[in-house]
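Biologist: Can you take me through this structure? I would like to start with the aromatic residues.

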Amino acid sequence: MTRLSPLHWERLRGELEKDKSPELIAAILKKTSLSPLAQKHPPSAKYRRSFLTELITMLEQMCLEPLDELYEGLAGVLSDQKSEDCYKTYLLPGGGAVTLTESVALVSQGTTGLVTWEAGLHLAEWAGEHLEAFSGRVVLELGCGVGLTGLVVCRGCSPSRYVFSDFHPSVLRRLRANLELNGLGEGPAGGADGGGVVRVEELDWESVSEERLREIGADTVIASDVVYDPDLLPGLVRLLSLVLSCSSPEAPQVFICSPIRNPDTYNSFKRQLEAAGVGHEVIRGAGRQVLSYQRVSAIEIMQLTLHTQ
């Protein structure tokens, strides 16, 4: 099940107004909450409850009789409220899907890295429109979390090698599970998954060495939603400066995607970049939305470069 926007609900209402048969209602259920994908990888109980309640309310407002399967499904969801994890599935524009296991809570096990954040979705969409920055290149993702951005890039952008990196042990365990879930375990990816090699790296921003970064050999470095904690900014700026200065024969392309939740923190990040000799340029244009989620935040993608002497 992917999340339905208000536009999707309006289209659904329009279809039901044209055809009020029980067969259409049954077909809707088979495409959503009773689909093989939703049965195998169920979304959170909260989302399933919201979806079924909304559908039942719509049918009642239209004086249509909801099927027994709807009430049975809702009863089942109401008895399944205690799970700490859920599945989220994103349908890709070129066909296929990415399915992730995520935490239901925004903060879990002492980290925010066990859920997908809006900037990660935004960056994945942007990557699909800028294949030249990813195709045939070694890509390093910083603070990759549960893996959504990297999985979409591996599926649709054909990098020669993709290095997922994070630091929190729980995040790395969940990341590896999600790679396996999507047929992208470490090693050769192969076939329809975009080719190349997938690696997972534990990377501490404050202590990673030039030698380690040279071994990774990234041509493109990306990160999303990493500018949120003022205490983490010095380590992040140190790492980004190191990435740009220690690579040869030329510096990689570096793209940072950030929601502007706290302008003070975001502006502090920019000032610290300048103080470290790193320039930034905001890439204009929001890009086309192709994944199913609500865009609610102001988000910027900036490209970083090292100031020349």
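Modeller: Trp 126 and Phe 255 are both buried, that is, under 20% relative accessible area, where over 50% is exposed and in between is partly exposed (1.4 Å probe, protein chains only). This is a predicted model, where local features need pLDDT of at least 70, side-chain atom pairs count only at pLDDT 80 or more, and totals for chains, interfaces and linings use all residues. Residues are numbered from 1 along each chain as its sequence is written, and side-chain values use heavy atoms, with hydrogens and water left out.

Biologist: Which aromatic cluster is Trp 126 in?

Modeller: Trp 126 forms one aromatic cluster with Phe 134 and Phe 255.

Biologist: How many aromatic pairs does a search of the whole structure find?

Modeller: Four. Rings of Phe, Tyr and Trp (its six-membered ring) pair if their centres lie within 6.5 Å; planes under 30 degrees apart count as stacked, over 60 as edge-to-face and the rest as tilted. One of the pairs is Trp 9 with Phe 51, tilted, at 5.6 Å centre to centre and 35° between the planes.

Biologist: Are Trp 9 and Phe 51 buried or exposed?

Modeller: Trp 9 is buried at 13% relative accessible area, and Phe 51 is buried at 3%.

Biologist: New topic. How many disulfides are there?

Modeller: Zero in the whole structure, a disulfide being a pair of cysteine sulfur atoms within 2.5 Å. For Cys 86, the nearest cysteine sulfur is that of Cys 144, 18 Å away.
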